[in-house]
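My notes follow in the order in which I looked things up.

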Amino acid sequence: MTVSLEILLLGPPGAGKGTQAKRIELAHGVPQVSTGEMLRDAVASGSELGERARPIMERGDLVPDELIVEVIRERLGQPDTGKGFILDGFPRTIPQAEALDEMLADIGRRLTVVLDFELDEEEAVLRLAGRAEEEGRTDDDPDVIRRRLNVWRESTLPLTAYYRGRGVLASVDAAHSVDDVYAAVEGVLERVTQ
Ligand code: B4P
């Protein structure tokens, strides 16, 4: 039987959502849908979306819900999501989560699991500072990192309770090596797809 996998990743900036999403994509053949990457591509291409998103991302704030919800609606309508998807970085607010609920109901799908990557903020700051050196992302500047963590605490952290209440949340301790975190992810995926 082919099991479809609708995975959602939560966790603070730097928790390793993007890193783990790429591993899951490779192992399970379902595409990573990263709103961060989609927005960075839009900024690089100079599209209208990119021009609106650029100053917001450079400050470490969230782009408006209605803008990102449309990007996701369009993306989930593409054929490569037929066997599932890995949502990485979306939703980031309660209104985005509610919009996702509606979208999934419209297409007759439901989330298989929400993986909540737990990492303390000091460790997240260290990782993002390391990435700043490697990749030079403008939003990995120390002041912007602090801002992103504050925004995450205020706007995104409440999603943990939102999905726990729906019975789909699985916590993953993200304070280990990439391989060890991935092993924990696989453990959860095996359990929820049995
Ligand atoms: P994202 O691109 O989603 O950025 P992120 O949260 O920083 O990354 P992630 O947690 O995936 O960390 P990663 O694996 O890279 O968002 C960027 C911006 O886009 C937001 O601030 C916002 O402005 C905008 N945006 C995106 N989605 C939005 C939405 N839905 N609504 C509104 N605005 C939105 O890992 C980080 C670093 O740690 C890497 O260097 C990695 O190599 C390292 N690392 C990973 N795992 C590790 C491990 N186990 N041990 C040691 N290091 C590790």
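**Pockets and ligand**

I began with the largest pocket, which holds about 1,000 Å³ of space. I work from a predicted model, where local features need pLDDT of at least 70, side-chain atom pairs count only at pLDDT 80 or more, and totals for chains, interfaces and linings use all residues. Residues are numbered from 1 along each chain as its sequence is written, and side-chain values use heavy atoms, with hydrogens and water left out.

I noted how a pocket is found: on a 1 Å grid over the protein atoms alone, it is an open set of points where a 1.4 Å probe fits, with protein on both sides within 12 Å along at least five of seven lines. Lining residues have an atom within 4 Å of a point. A volume is the space filled by probe spheres set on the points, which are joined across faces, edges and corners.

Next I listed the lining of the largest pocket. It has 48 residues, and Gly14, Lys17, Arg131, Arg137 and Arg148 lie nearest the centre. Among the elements that give two or more residues are strand 1 (5-10), helix 7 (142-156) and helix 9 (178-193). Helices (H or I, at least four residues) and strands (E, at least two) are DSSP runs, numbered from the N terminus. Helix 6 gives the most, with 6 residues. I sorted the lining by class and got 17 nonpolar, 17 polar and 14 charged residues. Here Ala, Val, Leu, Ile, Met, Phe, Trp, Tyr, Cys and Pro are nonpolar, Asp, Glu, Lys and Arg are charged, and the others, Gly among them, are polar.

What takes up the space of the largest pocket? The ligand does. (To sit in a pocket, more than half of a molecule's atoms must lie within 2 Å of the grid points.) I found 29 residues around the ligand, the closest being Gly18, Asp61, Arg131, Arg148 and His176; near means a heavy atom within 4 Å. Helix 2 supplies the largest share of this shell, 4 residues. By class, the shell has 10 nonpolar, 10 polar and 9 charged residues.

Then I checked polar contacts (pairs of N or O atoms within 3.5 Å). A side-chain N or O atom of Lys17 is 2.8 Å from a ligand oxygen. For ligand nitrogen, a backbone N or O atom of His176 lies at 2.7 Å, and a polar backbone atom of Val63 at 3.2 Å. The protein covers 87% of the 1,000 Å² of accessible area that the ligand has on its own (Shrake-Rupley method, 1.4 Å probe).

I moved on to the second largest pocket, of about 170 Å³. Its lining includes Arg40, Met57 and Asp139. Helix 3 gives the most, with 3 residues. The classes are 2 nonpolar, 1 polar and 5 charged.

Last, I looked at Pro91, in the loop between strand 3 (84-88) and helix 5 (94-106). The peptide bond from Phe90 to Pro91 is cis, with omega near 0°.

Notes. A polar contact is a pair of N or O atoms within 3.5 Å; within protein, one must be able to donate a hydrogen and the other to accept it, and residues adjacent in sequence count only if both atoms are side-chain atoms.
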